[in-house]
Amino acid sequence: MGFPDRIERTVELAQPPDKVWPALTTAEGLASWFGNEATIDLRPGGRAWMRWTDGPTVDMRVERVEEPAIFGFTWPIYGLPEDDPRRTYVEFTLEPAGAGTRLRVVETGFAQLPEDVFRKAYDGNTQGWASELAELVAYLDAA
Amino acid sequence: MPPDVRALAEPDVEAIAEQVFTALADPSRRAILAALASGGPATATDLAAGLPITRQAIAKHLALLAEAGLVWPEPGERRRVRYRLRSEPMRVAQQFLAALARDWDSPLDALKDHLDRSDRQPAATPLRETRGHDG
């Protein structure tokens with residue numbers, strides 16, 4: 001199967017989880033390695049965003065906060081329109097490894113099927129546009 | 001709770017993506033899709049008028065694009081078939097590309113650098129005691 005639903009990376013860090021955690025979960029931390037600017041409301045359901053200089057601003061939604069072991073959030077899927085409701089889920093897992101941390105990041109949801117959500121929206125839109133445009137044509141014809 | 005993320009893609013998703021990439025690999029088909037995207041639904045004859053491709057070749061490409069679900073044939077005037085762009089398969093392919101484009105390696109390298117740099121600098125606030133694991 002060549003269709004990736006999931007991206008997974010593990011990195012060994014020299015610092016213990018207590019030091020890695022703030023780098024992942026504070027505005028200051030996120031802005032120093034990930035984005036250029038960031039804000040975060042660190043609680044499940046909390047809003048966060050990151051902004052890149054000369055780049056996009058990405059809205060995130062905090063999903064899991066289990067200090068200092070698990071931090072999860074969702075964010076938009078790169079390449080889709082801004083108002084597209086589909087998002088991927090990113091989860092950082094911090095595990096003590098010697099004096100440092102084994103940090104695992106798993107991003108899932110790339111292969112989420114459009115069938116349930118999207119087909120309805122798409123078919124609805126297709127029909128909607130057809131009737132809207134037909135109405136516009138009728139309106140213009142009548143004028 | 002994390003959102004309910006579906007497990008692996010069903011086989012037809014990959015087939016859809018593959019058809020999209022095959023369709024887009026040909027410059028004439030890209031031109032046809034671009035014309036439908038910018039100009040709206042059109043017949044093979046309409047498309048032939050605006051593109052440097054014969055009507056016969058266009059009809060052949062349109063059949064392939066319809067097979068891939070990228071265009072939708074609908075009845076037009078005088079019993080001619082009009083083709084409408086259908087973006088849904090593109091979205092499936094787009095998610096494939098998104099997974100390839102999401103680059104975690106650079107940010108993780110940056111995180112490593114960031115932590116190593118802050119390690120060398122005196123901390124602004126006292127750090128909590130670290131866990132007592134030995135190498």
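Biologist: Does α1(A) pass α6(B) in a left-handed or a right-handed crossing?

Modeller: The crossing is right-handed. That label applies if the near helix is turned clockwise from the far one by less than a right angle, and left-handed if anticlockwise. This is a predicted model: local features need pLDDT of at least 70, side-chain atom pairs count only at pLDDT 80 or more, and totals for chains, interfaces and linings use all residues. Residues are numbered from 1 along each chain as its sequence is written, while chains are lettered from A and ligands numbered from 1 in the order in which they are written.

Biologist: Why are α1(A) and α6(B) called oblique to each other?

Modeller: The axes of α1 (residues 17-25) of chain A and α6 (residues 105-120) of chain B cross at roughly 120 degrees and come within 11 Å. Axes are lines fitted to C-alpha atoms, for helices over the stretch in contact, and angles run from 0 to 180 degrees between N-to-C directions. Under 35 degrees is roughly parallel, over 145 roughly antiparallel, 65 to 115 roughly perpendicular, and the rest oblique. The pair α1(A) and α6(B) is therefore oblique.

Biologist: Which residues make the contact of α1(A) with α6(B)?

Modeller: Lys19(A), Val20(A) and Ala23(A) on α1(A), with Leu111(B), His114(B) and Leu115(B) on α6(B). Contact requires C-beta atoms, placed from the backbone, within 7 Å. By class there are 4 nonpolar, 1 polar and 1 charged residues. Nonpolar covers Ala, Val, Leu, Ile, Met, Phe, Trp, Tyr, Cys and Pro; charged covers Asp, Glu, Lys and Arg; the others, Gly among them, are polar.

Biologist: What makes α2(B) roughly perpendicular to α4(B)?

Modeller: The axes of α2 (residues 27-39) and α4 (residues 55-67) of chain B cross at roughly 80 degrees and come within 10 Å. That angle makes α2(B) roughly perpendicular to α4(B). On α2(B) the contact uses Ser28(B), Arg29(B) and Ile32(B), and on α4(B) it uses Ala57(B), Ile58(B), His61(B), Leu62(B) and Leu65(B). Those residues divide into 5 nonpolar, 2 polar and 1 charged.

Biologist: How many helices and strands does chain B have?

Modeller: Chain B has 6 helices and 3 strands, in the order α-α-β-α-α-β-β-α-α along the sequence. Helices (H or I, at least four residues) and strands (E, at least two) are DSSP runs, numbered from the N terminus.

Biologist: Why is Arg64(A) called partly exposed?

Modeller: Arg64(A), in strand β4 (residues 57-66) of chain A, has 16 other C-beta atoms within 10 Å and is therefore partly exposed. A residue with 20 or more such atoms is buried, one with 12 or fewer exposed, and one in between partly exposed; C-beta atoms are placed from the backbone. In chain B, buried residues make up 24% of the 135 residues.

Biologist: What is the peptide bond from Glu67(A) to Pro68(A), cis or trans?

Modeller: It is cis, with omega near -5 degrees. Pro68(A) lies in the loop between β4 and β5 (70-76) of chain A.

Biologist: What is the mean pLDDT of chain B?

Modeller: The mean is 81, and 81% of the residues of chain B reach 70 or more; pLDDT is the predictor's confidence in each residue, from 0 to 100. Residues 1-11 of chain B are below 50, with 22 contacts beyond near neighbours in sequence. Residues 125-135 of chain B are also below 50, with 13 such contacts. Where pLDDT is low, the predicted coordinates should not be read in detail.

Biologist: Which element of chain A has the lowest mean pLDDT?

Modeller: Helix α3 (residues 117-142) of chain A, at 55, whereas strand β2 (residues 37-40) of chain A has the highest, 96.

Conventions: Contact = placed C-beta atoms within 7 Å.
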